[in-house]
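Work through these exercises with the structure open. Try each task before you read its solution.

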Amino acid sequence: MPKIKSYTPAWLLPPSPGHDLFAPNSGDVYNGSKPDSKPGPRRTIARRGTEVFIAVGKEIRWADLVYVKERWEEKQARARGGIRIKREDSNNSEDDELLRESVENGCAEGFRTIKTSIGSDIQQLVISPYANFMAVVTTHTVRIILLPDSSHLTAPSLDAIKPKSWTLGPTTHVMDRSPIASTVWHPLGVNGSALVTVTKDAVVRVWELSQKDRWSFDTPSLTIDLQKLADGTSLDQNFAASPDVTNKGFSPDSFEMDVAAACFAGRGSGGWSPMTLWIAMREGDVYALCPLLPTQWAPPPTLIPSLSISIVGNLAAVQDDSNVSGQAKLLAQQQLDWMSDLDNQEPRVIEGPPGEAPTEIFTRPTRPGVVPRLQGPFDLELSPESEDDLDTELTDIFVIGQKLDTDELMMGEDDELEMEDVEGEGLSLSIICLLSSSGQLRVCLDLDGVQAQWLPPRNKSKAMGRLVGPSSLLTFQSMDILSSLEVADNAWPMFSPDVTSRYSFYVTHPCSITHISLSPWVFRLESELQGDSQAGSEFRIDLLVNGQGSTRERLYTNTIQGEAQLPLAASVAIHDPDLGCFLLSATPFDPVALVFDTPEDEFAPIHSASPTFEKDAEVQPLDFYEPRPVYQPSHAFDQSSVLPKLLGGLRTGRHRAIVNQEVRLSPLTLQVFTESHQILSDETHRLGVAASEVFRRCLQLQTELKQQITKANEVKARVEAITGEDRDDDGEPESTNAIIERRLEAAREKGEALSQRLEKMRKIVGKATSRELSDKEKAWMNEVNALDANLFDSTTPSDSPNRLKQTKSRYEEVMRLRDELVEEADKLGVTTGEGEESLSASTTDLRIPSELRKAKINQVKGLIERETALVDAVKARLERLSVVG
């Protein structure tokens with residue numbers, strides 16, 4: 001989980017030039033908060049290494065963040081009179097002089113402006129896999145730009161650049177057609193030149209772009225209407241989109257198949273994942289197209305061999321099995337025909353992009369067909385039921401393909417397969433993450449595995465029907481990214497990949513940025529799936545499901561809520577030695593950046609083996625502070641009023657005569673006053689919200705300052721205790737034992753003081769709660785006193801009741817019997833001293849029967865015990881009464 005080191009750095013805050021990359025133009029007016037604006041994805045930041053492209057309105061700002069940062073540091077060092085060393089990559093002296101002059105003249109700031117022919121505001125910027133093309137997407141149009149070389153950023157010029165560009169589908173993606181839902185680059189395109197566009201009306205188009213062929217930008221190489229494909233029965237049908245541009249009437253398919261987003265898995269994924277297009281519908285359904293390929297495609301070296309092993313093994317397993325259905329056998333035969341078509345081809349080898357190996361180009365197989373079957377809608381098993389419609393309205397989809405099974409691929413081979421660690425680690429199942437408008441994230445597992453499927457031929461369509469039953473996805477986990485107060489109807493949460501791990505990503509919402517990591521359970525689940533031991537597997541899987549799931553951490557929270565909230569662009573993660581771990585987003589007015597703590601061994605330099613001239617380790621400052629984003633005042637303070645524009649329109653319009661006249665009650669005057677009131681109410685409301693935010697932040701600043709001072713004092717006390725700088729009253733250092741003894745003595749004294757205080761309070765409470773005795777208690781007390789007088793006083797009152805007199809006589813009889821028994825016991829004791837023989841003789845002379853003696857003794861014992869119990873009870877009751885009194 002990333003640890004935030006700091007928020008937006010100073011070189012991106014105003015008045016630095018880096019802030020100008022995100023600031024809108026002076027004439028632009030932000031209208032994203034209007035209720036008539038339709039929600040949609042906002043991916044206005046794209047990157048190429050450390051270079052970023054930011055869409056602001058209709059123009060694109062291009063900058064190198066490392067250069068912008070170093071340029072700002074140079075200016076700060078020059079302002080302080082410091083000296084800064086030049087960059088080491090400048091070897092040519094002439095170039096150095098030219099660069100120095102351009103920097104001193106303020107020309108080479110490290111950013112430029114890219115001009116392109118766009119009719120409306122840019123909504124998305126999508127860079128191709130090899131960073132040679134960039135798709136500029138608006139609500140209805142797509143413009144393909146050939147990205148310029150990085151040397152233009154350091155050229156001694158600040159003029160706008162107008163690179164070569166093409167309009168994609170000038171008759172297809174236009175304003176009178178369906179809006180564009182998603183634009184993705186195909187991971188298997190030749191040098192990253194295949195683009196897939198998906199419109200809201202569920203039409204998928206594959207474009208194979210070539211700079212030498214302008215026709216490739218006008219017509220797609222493959223068009224699939226998913227609404228037609230969902231009702232298709234055979235391969236011979238036409239599933240292309242209808243060229244008719246007239247408005248269509250309402251149909252259930254147009255409502256249920258409203259596309260929200262689409263995506264591919266990574267190029268290095270295993271199985272059929274790189275050629276599977278996952279499509280998320282707005283109403284919550286999920287579909288898949290496999291295989292979706294351009295006419296010319298370039299697979300990785302391990303893709304075709306791994307698919308060949310899987311297809312042959314599947315065919316051998318179902319061919320002779322009588323329990324396998326005919327649909328499954330037909331599917332296995334179709335996959336074999338598809339692979340046989342590939343095996344019969346001789347791939348064409350071309351040079352790859354700079355730094356890449358030569359690429360083998362294959363042609364898309366025509367058998368069994370070009371258009372795959374539409375798989376879905378997938379049944380989301382164990383998905384939580386919700387009555388809120390926002391929980392089922394999907395906004396984005398993110399797919400993590402299964403890992404490449406290298407053990408099966410290299411079975412029987414002596415050589416080891418060279419591949420990246422990221423491609424060979426992880427889970428052997430595909431993970432599909434779905435995001436809804438309410439911020440609910442569902443992590444699903446594809447247990448069955450999506451494979452290539454086609455519709456049956458025409459001669460078998462009626463007999464075979466659909467190839468397989470309904471597909472399903474297992475909902476492994478569901479979590480809410482937002483609280484109930486942060487949910488908005490027009491919000492559009494988006495996924496952003498993380499550059500450090502394929503099993504972690506970011507979720508960007510207008511009110512927050514959240515980091516999600518699936519690593520805590522992915523590798524544990526994979527070890528369980530690959531384990532040979534079946535004993536206790538159900539118990540371990542249950543522990544895995546109920547144990548620690550995906551980690552979730554809120555990285556950034558927008559303090560402005562409600563209508564004044566500004567949307568955030570989809571986050572872009574950058575991992576570079578000069579920038580560190582860097583996350584960049586933006587509002588329509590300001591950048592939002594987060595700098596993460598880089599692991600110690602991430603960019604560690606390689607030290608030489610020479611033991612001489614070794615520097616001491618750099619002492620890092622204590623990291624006891626809590627990073628907080630820098631407060632930026634609301635843009636409402638900088639916006640000019642629209643009222644002067646309204647007055648200027650009145651002075652030059654056809655109603656200019658009423659400007660200099662007296663105010664009269666008329667419909668025209670009412671209209672002018674209504675428009676003016678609407679403008680003033682909106683502007684004063686925005687200013688009031690901004691002013692209240694300033695006041696709230698001032699109060700928050702006081703609280704944060706107190707917390708910071710408290711933490712600083714705690715650290716100071718700890719440091720002084722370690723260094724021995726804390727001294728007693730005499731000025732001498734106090735030892736550790738003395739400190740402990742002093743603390744123990746203080747604790748003991750405090751405990752004694754508390755005990756004394758508690759005892760004192762108990763006495764006060766006892767006195768305060770005393771009450772008079774009731775009549776029954778008084779009668780019982782008189783009876784006890786009378787009994788005490790009869791038993792222990794020598795004189796018995798004559799007016800005492802008979803019951804008390806009987807008690808007195810019984811008590812005197814018991815005392816008399818006791819005295820007699822004591823005298824007899826003394827006599828028996830004297831005779832016992834003369835010996836055992838005399839004792840037996842004396843006992844014989846008494847002539848007392850043993851039965852009578854035992855009866856008398858038992859009688860005396862019973863009377864003594866009874867009277868003793870009575871006396872003890874009376875004493876105890878008298879003691880309690882004396883305490884109460």
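## Exercise 1: A cavity and its lining

The second largest cavity is lined by Pro291, Leu293, Trp338, Arg364, Pro365, Gly369 and Val370. The model is a predicted one.

Task: Find how many cavities of 30 Å³ or more the structure holds, and what volume the second largest cavity has. Then sort the residues of its lining into nonpolar, polar and charged.

Solution. 
- Step 1. The structure contains two cavities of 30 Å³ or more.
- Step 2. The volume of the second largest cavity is about 30 Å³.
- Step 3. Its lining splits into five nonpolar residues, one polar and one charged.
- Step 4. Gly counts as polar and Arg as charged.

## Exercise 2: The cysteines

Task: Determine how many disulfides the whole structure has. Then check cysteine 263 and cysteine 444.

Solution. 
- Step 1. A disulfide is a covalent bond between the sulfur atoms of two cysteines. The cut-off for the pair of sulfur atoms is within 2.5 Å.
- Step 2. Searching the whole structure gives zero disulfides.
- Step 3. For cysteine 263, the nearest cysteine sulfur belongs to cysteine 433, 9.3 Å away. Cysteine 263 is therefore in no disulfide.
- Step 4. For cysteine 444, the nearest cysteine sulfur is again that of cysteine 433, at 7.9 Å. Cysteine 444 is in no disulfide either.
- Step 5. Now check burial, where the cut-off is under 20% relative accessible area. Cysteine 263 has 10%, so this residue is buried. Cysteine 444 has 0% and also counts as buried.

## Exercise 3: The largest nonpolar core

Task: Which members of the largest nonpolar core touch the most other members, and which element gives the largest share?

Solution. 
- Step 1. The core has 33 residues. Trp272, Met275, Trp278, Trp297, Trp338, Ile397 and Leu434 touch the most other members.
- Step 2. Elements that each supply at least two residues include strand E14 (259-263), helix H6 (326-343) and strand E22 (394-400).
- Step 3. H5 gives the largest share, four residues.
- Step 4. Look at isoleucine 397. Beyond its neighbours within four places in sequence, its contacts include Cys263, Trp278, Cys433, Leu434 and Phe495.

## Exercise 4: A serine in a loop

Task: Where is serine 571 found, and is this residue buried or exposed?

Solution. 
- Step 1. Serine 571 lies in the loop between strand E29 (551-557) and strand E30 (572-576).
- Step 2. Its relative accessible area is 5%, so serine 571 is buried.
- Step 3. Leaving out residues up to four places away in sequence, serine 571 touches Ser496, Thr508, Ile513, Leu583, Leu584 and Ser585.

Key:
Residues numbered from 1 in each chain as written. Predicted model: local features only at pLDDT ≥ 70, side-chain atom pairs only at ≥ 80, totals over all residues. Heavy atoms only, no water. 1 Å grid on protein atoms, 1.4 Å probe; cavity = no way out; pocket = protein on both sides within 12 Å on 5 of 7 lines; lining within 4 Å. Points joined across faces, edges and corners; volume = space filled by probe spheres on them. Buried < 20%, exposed > 50% of the residue type's maximum accessible area, 1.4 Å probe, protein only. Core = buried A, V, L, I, M, F, W, Y, C linked by side-chain atoms within 4.5 Å. Contact = heavy atoms within 4.5 Å.
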